[in-house]
Amino acid sequence: KQWYQRRVREITHVIFDLDGLILDTEILYDKAIQQILDRFNKTYTYELKQKVMGMKYHKSMELIRNELGVPITTEELVTESMDNLKDLFMKCDTKPGAERLIRHLAAHDIPMCIATGSSSADFALKTHSHQELISLMQFTVRSDDPEVIHGKPDPDIFLVARKRFKTTPSCSNCLVLEDAPNGVKAALAADMKCVMVPDPRLVDIPPAHLVLKSLEEFRPEEFGLPPF
């Protein structure tokens, strides 16, 4: 508890990842990609998934293609997988504890945003059924934002997000909530605090400030935020 005791009052702004943290979309990506790979007798393993989680989508498809030797272009892999995902995205649900936390922080006027590796088009599909919840954020930063030059694990997206809050916090006042190793690495590279809610299959946990099984376990007061 020493870390909390020293820094309990520092957090003033909260940055959420989207996929696998707010919305339960990661399993949808698995299905959409594996549907394509089945044609080539290839398997989208969890080990490979760990490498691409949080990356810009085109970059992640390029890595999958190269690692597995898939005999189609990266562009074809992107287009086909997105076609598979369109209907799935429209039905995605929120992850346990996410909606409760977002509504709680909004009720206490804590500035929040989303920083996601999703493109604007993908973001619109995924959040179609959750627009009211997403509207509680001050803004969102997406992977095709012109200021986001490099995707996670580079810190660009979180540094851009920090600048766009109505009152610009210091990096140490920002808390990032993430599920992916690349996202955690990006948050730490931005000198921000990070809470990770990883997939239970993940073996190599990066050094987040706190690791939880679910956002249902998150205690805002431990970061100087209003308690539930």
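These exercises, each with a worked solution, cover one predicted protein model.

Residues are numbered from 1 along each chain as its sequence is written, and side-chain values use heavy atoms, with hydrogens and water left out. In this predicted model, local features need pLDDT of at least 70 and side-chain atom pairs count only at pLDDT 80 or more, while totals for chains, interfaces and linings use all residues.

**Exercise 1. Confidence**

Task: Find the average pLDDT of the protein chain, and find the stretch where the pLDDT is below 50.

Solution: 
- Step 1. Recall the scale: pLDDT is the predictor's confidence in each residue, from 0 to 100.
- Step 2. The protein chain averages 93, and 96% of the residues score at least 70.
- Step 3. Residues 1-8 have a pLDDT below 50. Beyond near neighbours in sequence, this stretch makes 12 contacts in the model. A contact means heavy atoms within 4.5 Å.

**Exercise 2. Strand β5 and its partners**

Task: Describe the faces of strand β5, and name the strands joined to β5.

Solution: 
- Step 1. Helices (H or I, at least four residues) and strands (E, at least two) are DSSP runs, numbered from the N terminus. Buried means under 20% relative accessible area, exposed over 50%, and partly exposed in between (1.4 Å probe, protein chains only).
- Step 2. In a regular strand the side chains alternate between the two faces of the sheet.
- Step 3. Apply this to β5, residues 193-196. Lys193 and Val195 lie on one side, Cys194 and Met196 on the other. All are buried, and both faces are covered.
- Step 4. Look for pairing, which takes at least two bridges found by DSSP between two strands. Strand β4 (residues 174-178) runs parallel to β5, with 4 bridges between them.
- Step 5. From β4 the chain passes through helix α10 (residues 181-189) to β5, in a right-handed β-α-β crossover. Right-handed means that, with the strands pointing away from the viewer, the path from the first strand over the helix to the second runs clockwise.
- Step 6. Turn to β6, residues 210-211. Strand β6 is joined to β5 by 2 bridges, again in parallel. Here Met196 stands opposite Val211.

**Exercise 3. Backbone exceptions**

Solution: 
- Step 1. Most residues other than glycine have a negative phi, and most peptide bonds are trans.
- Step 2. Pro153 sits in the loop between β3 (139-141) and α9 (156-164).
- Step 3. Asn41 is exposed, with a relative accessible area of 72%.

**Exercise 4. Salt bridges**

Task: State how many salt bridges the whole structure has, and work through three of them.

Solution: 
- Step 1. Side chains of opposite charge can pair when their charged atoms come close. A salt bridge is a side-chain nitrogen of Lys or Arg within 4 Å of a carboxyl oxygen of Asp or Glu.
- Step 2. A search of the whole structure gives 17 salt bridges.
- Step 3. Asp24 and Lys95 form one, 3.8 Å from N to O. Asp24 is in the loop between β1 (13-16) and α2, and Lys95 is in the loop between α5 (74-89) and α6, so the pair ties together parts 71 residues apart in sequence. Asp24 is partly exposed at 33% relative accessibility, and Lys95 is partly exposed at 26%.
- Step 4. Asp30 and Lys49 form another, at 2.8 Å from N to O. The pair links helix α2, which holds Asp30, to helix α3, which holds Lys49, 19 residues apart. Both are buried, with Asp30 at 18% relative accessibility. Not counting residues up to four places away in sequence, Asp30 touches Tyr44, Lys49 and Arg201.
- Step 5. Glu147 and Lys163 meet at 3.0 Å, N to O. Glu147 lies in the loop between β3 and α9, and Lys163 in helix α9, 16 residues apart. Glu147 is partly exposed at 38%, and Lys163 is partly exposed at 49%.
- Step 6. Widen the view. Asp145, Glu147, Lys163 and Arg164 are linked in a network of salt bridges.
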